Structure formats: C-alpha cells, structure tokens
Amino acid sequence: MTAKHPSFCQRQHGTRFPLTSFSDLGLSPKVLTAVTEAGYSEPTPIQEGAIPHALTRRDVCGIAQTGTGKTASFVLPMLTLLERGRARARMPRTLILEPTRELAAQVAENFDKYGKNHKLNVALLIGGVSFDEQDRKIERGADVLICTPGRLLDHTERGKLLMTGVEILVIDEADRMLDMGFIPDIERIAKLIPFTRQTLFFSATMPPEIQKLADKFLQNPARIEVAPPSSTAATVEQKLVASKGKDYEKRETLRAIIDRQDDLKNAIIFCNRKKSVADVLRSLQRHEYPCGALHGDMDQHSRTTILQNFRDGKLPLLVASDVAARGLDIPDVSHVFNYDVPIHAEDYVHRIGRTGRAGRKGKSFTIATAKDAKFIDAIEKLIDRKIDWEDGNLSSIAPAEAGEKAEPRTRRTAKKQTAAPSPARQSEPKAVPAQDNRASKPETTADKKPAVSNRPANDDRKRSRRRDRDDDHTPVGFGDDIPAFMLIGAKN
Ligand code: ADP
Ligand code: MG
C-alpha cells in the first residue's frame, strides 16, 4: 500500500507545483526502489521543489511547516549524489547539522530506510553517548555525518576529524538552531568546510534572523517556500482555556481538560520551561496519569526509550519543551495541550502541528492565564484568526490576589483531584513507566527532587548544559515552587 502525505492535499488546492511522481525528480533507481518500498506514492511539495535543485548541486533554501517531509528533501538527493565516489578515513563527505539528538537520530533512521540499497557509512555524532564508537566510524571514513553542533565541535577540537572533504552541508531546522543559540557554533563549523561545498538549508519558519543566516551561508540558492509558516492545519480544533495563574491551579486546569476528553488517544503537553516540564510530569504521575517527559537535558537512552514508549502507546501522555519536541516524527497525535502559552507565536504553530496530521482530526487546548493576554494576541495575529475560548475568557477569572499564600502543592492538588478518571487512566491504571523509577518516590522526596534528573552521563555534560539548553526564555528566580538549582541532577 502506498501512503499519501497530508500536504499532498494542500498542493492540490494551492497548485503551486505540477503533479509529479518521485520518478520525475531525477533520483537514482536505487533510491526510487527504496522510496517505493517505504510506501510513499508521491513527493510532498517541499520534496518536489527541493530535490531537483539539490541534484544539480545547487544550494537550496527550503521553507515548509513541520511534518511536511523536509528530511527526505535532502536525504534522497544526497543518497543519489553519494553513489559516486568513496569516503576516506577521517574525511566525511557530507555533513548534516540537527539541533537535537532526537532529530539527528531520526535523520539517521531515514538514511537507513532510504539508503538500504546503498553501502554507505553513516555516523551519528550526538552528545550523551560515548566518543569511542563515534571515533571508530569517523576513522573508517564516513559518507554521511549527522551531528548536533556541540558534539561535532568536540570531535573537531580533538583533532580526529577533517572537514576539508565535505561536499554537502545540510543545516536542518534552522529556526530552532537559532532559538537554541547554536548559530555561533554553526558559523564556526561552516568555516571548517570548503567554500565550494553545496549547502542545503531547511527551516519551518523564516523570521528575518533566519533569512540573514541563509544569505550568509547560501550562494544563489533555489528558494522553495511551500506553505505560509503561520498557518495551522484546518483539521485541528483549537481552544483556549482560561485558568488562574498559580502553578498548582494550572496543573488542576490541565487535569480537568485531560479528564474531559473522551477521544484522547495520545497527547503532547507543552511547557515553556524545563522546570515546568519536570513539575507537570511529577504532578501527573502523582495523579496516576501514564506519562513521560522529554527535554534537552535527558540522556540519550532515556529520550529514546520515552519516545519509543510514546510511539508504541505505552505512555499516552508526553510532557515536553519546545526544543525537545521540535520536528519529532510522531505520527497521529490526537491532542496537544499547551500548559503554557508559548512566548514565541511561531512555537504555537509548531506545537499545533503535532496533531491534525494526515487529514486526521486533532484537538489543541491552550491554558491561558491573565499574564498571557499579549502572547495570545501575538499568536492570533500570526495565524490570522481568533481562537475560541472554552467556557469564558480571561475576564472570567479573578486576578490572583497579590501576596496570596499558596498551600503546599502536594496536598492541594491531591485534595482537588476530581472523581472522574481520564480515559488514559482508565485504560492504563498506574502505568508508570518501568524505566522511570522517579515516579515511585514518595511525595515528600518528589517535591524536593527533580522529576527529571537525567543528565548526560559523561564528559559531554558541561557542553551539553550550555548547548542543549531548552529553557532560553526562562525567567530567573524563585517564582515557582522549586529553586532552579534543585532541578540539576546530583553529580555522579
Ligand atoms: P519535517 O522535517 O518537515 O518536519 P519529516 O521529514 O520528519 O518532516 O516528515 C514527516 C512525516 O512525513 C514522516 O512520518 C515521514 O515519514 C512522512 N513523509 C515524508 N515524505 C513523505 C511522502 N512523500 N509521502 C508520505 N509520507 C511522507
Ligand atoms: Mg525536520
């Protein structure tokens, strides 16, 4: 059976590109066979636009929403181009930069899938795993290096990697690279690669800073822009839910929303900060919702396991920060819950893009407090529509009294728990992930300790703290329950 990508429908309406099949794009027979076996019936608009240019070795600037198949837009032509020539020891032929370890791992999976008829050496250089295996792959000669910027620089600084043979550089998820502060790293990396290289640049959004970056890295690029970055899919029902602003009140609101959903299959709960991810995870687990969390400080093994459990449906709720969830290939998410209104309006579009894919219906609920009015305005302006409120709007919630003393969270949330169990809880009572032993900690300890304390377990720790941060909007201080320093895992 062959699968149509959801953006295929978009193309039929927009008729930006003539109808094309994969075999019209100039890809090699080996690649075409793998694509057919992957079950894709036709290219997505970004693939259709980008692949022919990439195959002529032209620079490409591709802009298309999350989930529109940007990965294959560079993987397929790279596979075709790599069929000629061989890798030399310590001199990779191509380099792909990804902002997070998950995305890097997903790109590697794409090479496995589409490159199964090729004999290519693909090396994944990401933080949180040991250098030894990575060194061996580099030493053997890599056709493709897939890296997070920090780990790549670690390798080049160790002198074991020569970038002078790189023919193709891919900068993927450029807008997220910017958000994460990776641009200086990318500039350093780009300087190590010959000027004559081909550069393929992909982003979901194109704010002015990203345009500047593209101008700097690309030479006379073919620009392919598929959908306006500000659009959310029509298949997603979007709602705002007014809530009082204290953390425990927001968590109560969140549980109430989850409990109301009778069609909840799986959901991502987005928080603006790592600390909220930890708090929300701990609170939901305490209330026996089967959930896991994903954020930038987790070690690779925990991330992969959590993500796999989420994909398999073992953990139907995933609490995540924007960075950790960026571009992840998670098919068919029924709900998105925004525990926080995103500070950057574009993040709203990304978050909502996790649901309503493949023409399926999706739902999103955004918890809004009195402080969020201006962020909601910005989002509505960006997506060019009003989002409906569920039961009253911000004016219906009394502003929190200044100086009101919050009760200890644990007691309060436990007392206020509603009787109606959520569908998720019914289907999997106490399905706390086995690998996540923090969930079994008593409440008192859980209150003092981080719910998510996974730290990179090796020498990458310092660097990853700087480079993999996903709380760049973090207001500093003790505004919430736990001081930030308590969220840093115990040194081992
Ligand atoms: P992006 O990088 O734009 O966020 P991905 O490359 O991760 O998107 O692709 C999103 C999803 O679309 C993946 O599940 C991928 O397997 C699927 N996909 C990609 N290309 C096609 C295609 N031509 N037809 C059907 N599905 C596709
Ligand atoms: Mg992507």
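Which polar backbone atom lies 2.9 Å from a nitrogen atom of ligand 1? In this predicted model, local features need pLDDT of at least 70 and side-chain atom pairs count only at pLDDT 80 or more, while totals for chains, interfaces and linings use all residues. Residues are numbered from 1 along each chain as its sequence is written, chains are lettered from A and ligands numbered from 1 in the order in which they are written, and side-chain values use heavy atoms, with hydrogens and water left out.

The backbone atom in question belongs to E42. The side chain of Q47 places a polar atom 2.8 Å from a nitrogen atom of the ligand. For K70, an N or O atom of the side chain is 2.8 Å from an oxygen atom of ligand 1.

Turning to helix packing, two packed helices are described by the angle between their axes and the distance between the axes. Helix α7 (residues 149–157) packs against helix α9 (residues 183–192) at about 45°, and their axes are 10 Å apart. Axes here are lines fitted to C-alpha atoms over the stretch in contact, with angles running from 0 to 180 degrees between N-to-C directions; helices are DSSP runs of H or I with at least four residues, numbered from the N terminus. On the α7 side, P149, G150, L152, L153, T156 and E157 meet D185, R188, I189 and L192 of α9, contact meaning heavy atoms within 4.5 Å. By class, this contact has five nonpolar, two polar and three charged residues.

Helices α11 (residues 247–260) and α12 (residues 274–286) cross at roughly 55°, their axes coming within 11 Å. That angle makes α11 oblique to α12. Here R251, L254, R255 and I258 in α11 meet D279, V280, S283 and L284 in α12. This contact divides into four nonpolar, one polar and three charged residues.

Technical notes
Helices (H or I, at least four residues) and strands (E, at least two) are DSSP runs, numbered from the N terminus. Ala, Val, Leu, Ile, Met, Phe, Trp, Tyr, Cys and Pro count as nonpolar, Asp, Glu, Lys and Arg as charged, and the others, Gly among them, as polar. A polar contact is a pair of N or O atoms within 3.5 Å; within protein, one must be able to donate a hydrogen and the other to accept it, and residues adjacent in sequence count only if both atoms are side-chain atoms. Angles under 35 degrees count as roughly parallel, over 145 as roughly antiparallel, 65 to 115 as roughly perpendicular and the rest as oblique.
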